[in-house]
Amino acid sequence: MFTDDHILRQIAQLVAVLKKIAGFKNAGKYHEAYRVIDQSLEDLFSLDAGIIKQLDDTGLASLLKGVYGIDHRKLYFLASLLEAEGDVLAAQQRVPESQQSYQQALDLLYQYSGDAEGDLHAEIATKIDELEQKVTAQNQDMKNLA
């Protein structure tokens, strides 16, 4: 089992990665943001990011399985990276692709977050709320444009 120290280090690493992605996105350095996302996916799953991005939800779920079932930390990290990718795509006005990233994160969270416990359960619930708000806002923006 992971120690609290190990978990805190993982969370700190995720926060640092998300800040780096946001910095590149805000500076308009989208290629660099995608590079950080891809490298983070590869670090998380020890697979090429291109392969990971081609997997459907069932394939991704198999990557999330640990010894005791779904590894909810990996689920949270994956959802956070998918959300960050959606944010970068949205910044480029690539709304359909952005929605796809957000929706993929939501689908994974809906499907596999049910038995998360404690603080992680609360973090996942917050992530679901954030993603739902982004999808709703994008849907509303698209309706207003039509």
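User: Which residues of H5 and H6 meet in this predicted model?

Analyst: On the H5 side they are His72, Leu75, Leu78, Ala79, Leu82, Glu83, Glu85, Gly86, Asp87, Leu89 and Ala90. On the H6 side they are Glu97, Ser98, Ser101, Tyr102, Gln104, Ala105, Leu108, Leu109 and Tyr112. By class, this contact has 11 nonpolar, 5 polar and 4 charged residues.

User: Why is H5 called roughly antiparallel to H6?

Analyst: The axes of helix H5 (residues 72-91) and H6 cross at roughly 165 degrees and come within 7 Å. Angles over 145 degrees count as roughly antiparallel, so H5 is roughly antiparallel to H6. The crossing of H5 and H6 is left-handed.

User: What makes H4 oblique to H6?

Analyst: Helix H4 (residues 57-64) packs against H6 at an angle of about 60 degrees, with the axes 11 Å apart. Roughly parallel needs an angle under 35 degrees, and roughly perpendicular begins at 65. The angle of H4 with H6 falls between these cut-offs, and therefore H4 is oblique to H6. The crossing of H4 and H6 is right-handed.

User: Which residues make the contact of H4 with H6?

Analyst: H4 contributes Asp57, Leu60 and Ala61, while H6 contributes Gln104, Asp107, Leu108 and Tyr112. They divide into 4 nonpolar, 1 polar and 2 charged residues.

User: How do you know whether Ser101 is buried or exposed?

Analyst: Ser101 has a relative accessibility of 5%. Buried means under 20%, so Ser101 counts as buried. Ser101 is found in helix H6 (residues 95-112). Apart from neighbours within four places in sequence, Ser101 is in contact with Leu82, Glu85, Gly86 and Leu89.

User: Why is Gly50 given the label it has for accessibility?

Analyst: Gly50, in helix H3 (residues 49-54), has a relative accessibility of 34%. Buried would need a value under 20% and exposed one over 50%, so Gly50 counts as partly exposed. The C-alpha atoms of Gly50 and Leu63 are separated by 14 Å, and these residues are 13 apart along the chain.

User: What is the mean pLDDT of the chain, and which elements have the lowest and the highest?

Analyst: The chain has a mean pLDDT of 90, and 95% of its residues reach 70 or more.

Conventions. Residues are numbered from 1 along each chain as its sequence is written. This is a predicted model: local features need pLDDT of at least 70, side-chain atom pairs count only at pLDDT 80 or more; totals for chains, interfaces and linings use all residues. Side-chain values use heavy atoms; hydrogens and water are left out. Helices (H or I, at least four residues) and strands (E, at least two) are DSSP runs, numbered from the N terminus. Buried means under 20% relative accessible area, exposed over 50%, partly exposed in between (1.4 Å probe, protein chains only). Contact means heavy atoms within 4.5 Å. Axes are lines fitted to C-alpha atoms, for helices over the stretch in contact, and angles run from 0 to 180 degrees between N-to-C directions. Angles under 35 degrees count as roughly parallel, over 145 as roughly antiparallel, 65 to 115 as roughly perpendicular and the rest as oblique. A crossing is left-handed if the near helix is turned anticlockwise from the far one by less than a right angle, and right-handed if clockwise. Ala, Val, Leu, Ile, Met, Phe, Trp, Tyr, Cys and Pro count as nonpolar, Asp, Glu, Lys and Arg as charged, and the others, Gly among them, as polar. pLDDT is the predictor's confidence in each residue, from 0 to 100.
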